[in-house]
Amino acid sequence: NGRSGVCYAGAMSPARGLMPFLDALSLVPPSVPVHVAGIFASGAFEAAVRAHPNCQRVTFHGQVGRDDLARIYRSCLAGVVTFL
């Protein structure tokens, strides 16, 4: 079906579990694309995320409209919900 990525869509904050998601990427083969869509809760949290060693594996799309989000979803095999 051509789907190979993993995605997260929504607000990005500590309570939403983005850091554990980044930690878990160490267990995912580097060939798997990772997409994140949404906005950061704060500049400080964004800086912490971008400093994470697995951050370079992620394509950050920022806030996107429904059509772009649907395109991201169609390219992915799985989505994650990481509420803590």
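Among contacts in the protein chain between residues at least 6 apart in sequence, 84% join residues at least 24 apart, where contact means heavy atoms within 4.5 Å. The model is predicted: local features need pLDDT of at least 70, side-chain atom pairs count only at pLDDT 80 or more, and totals for chains, interfaces and linings use all residues. Residues are numbered from 1 along each chain as its sequence is written, and side-chain values use heavy atoms, with hydrogens and water left out.

## Overall form

The protein chain has three helices and four strands. Their pattern along the sequence is β-α-β-α-β-α-β. Helices (H or I, at least four residues) and strands (E, at least two) are DSSP runs, numbered from the N terminus.

The radius of gyration of the protein chain is 12 Å, which agrees with the value near 12 Å for a compact globule with 84 residues. This radius is taken over C-alpha atoms, and the globule rule is 2.2 Å times the number of residues to the power 0.38. Taken along the principal axes, the C-alpha atoms fill a box of roughly 40 × 30 × 20 Å.

The accessible surface of the protein chain is about 5,000 Å², and 58% of it belongs to carbon and sulfur atoms. Accessible areas come from the Shrake-Rupley method with a 1.4 Å probe; for residues, only the protein chains shown count as cover. Of the 84 residues, 33% count as buried. Buried means under 20% relative accessible area, exposed over 50%, and partly exposed in between (1.4 Å probe, protein chains only).

Four strands form an open sheet in the order 3-2-1-4, with parallel pairing. Strand 3 (58-62) and strand 4 stand at the edges, each with a single partner strand, so one side of each is left without a neighbour in the sheet. From one strand to the next, the twist averages 25°. Axes are lines fitted to C-alpha atoms, for helices over the stretch in contact, and angles run from 0 to 180 degrees between N-to-C directions.

Two strands pair if DSSP finds at least two bridges between them. Strand 1 (residues 5-9) pairs with strand 4 in the parallel sense over three bridges, and C7 stands opposite G79 in strand 4. Strand 1 also pairs with strand 2 in the parallel sense, over four bridges. V34 in strand 2 is the bridge partner of V6.

In a regular strand the side chains alternate between the two faces of the sheet. In strand 2 (residues 34-37), V34 and V36 point one way and H35 and A37 the other way; all are buried.

F60 is in strand 3. Between F60 and V34, 26 residues apart along the chain, the C-alpha separation is 8.7 Å. Leaving aside neighbours within four places in sequence, F60 is in contact with M12, V36, F40, V49, R50 and C55.

## Cysteines

The structure holds zero disulfides, a disulfide being a pair of cysteine sulfur atoms within 2.5 Å. C7 is in no disulfide, and the nearest cysteine sulfur, that of C76, is 3.9 Å away. For C55, the closest cysteine sulfur is also in C76, and the distance of 16 Å is too far for a bond.

## Buried positions

| Residue | Relative accessible area |
|---|---|
| G17 | 0% |
| L22 | 1% |
| C7 | 5% |
| C55 | 10% |
| T82 | 16% |

L22 has its place in helix 1 (residues 18-24). Not counting residues up to four places away in sequence, L22 touches V49, H52, N54 and V58. The C-alpha atoms of L22 and P53 are separated by 8.3 Å, although these residues are 31 residues apart along the chain.

G17 is found in the loop between strand 1 and helix 1. Residues T82 and L84 touch G17, not counting residues up to four places away in sequence. G17 and F83 are 66 residues apart in sequence and 5.3 Å apart in space, C-alpha to C-alpha.

T82 lies in the segment after strand 4 (76-79). Leaving aside its neighbours within four places in sequence, T82 is in contact with Y8, A15, R16, G17, L18 and F21.
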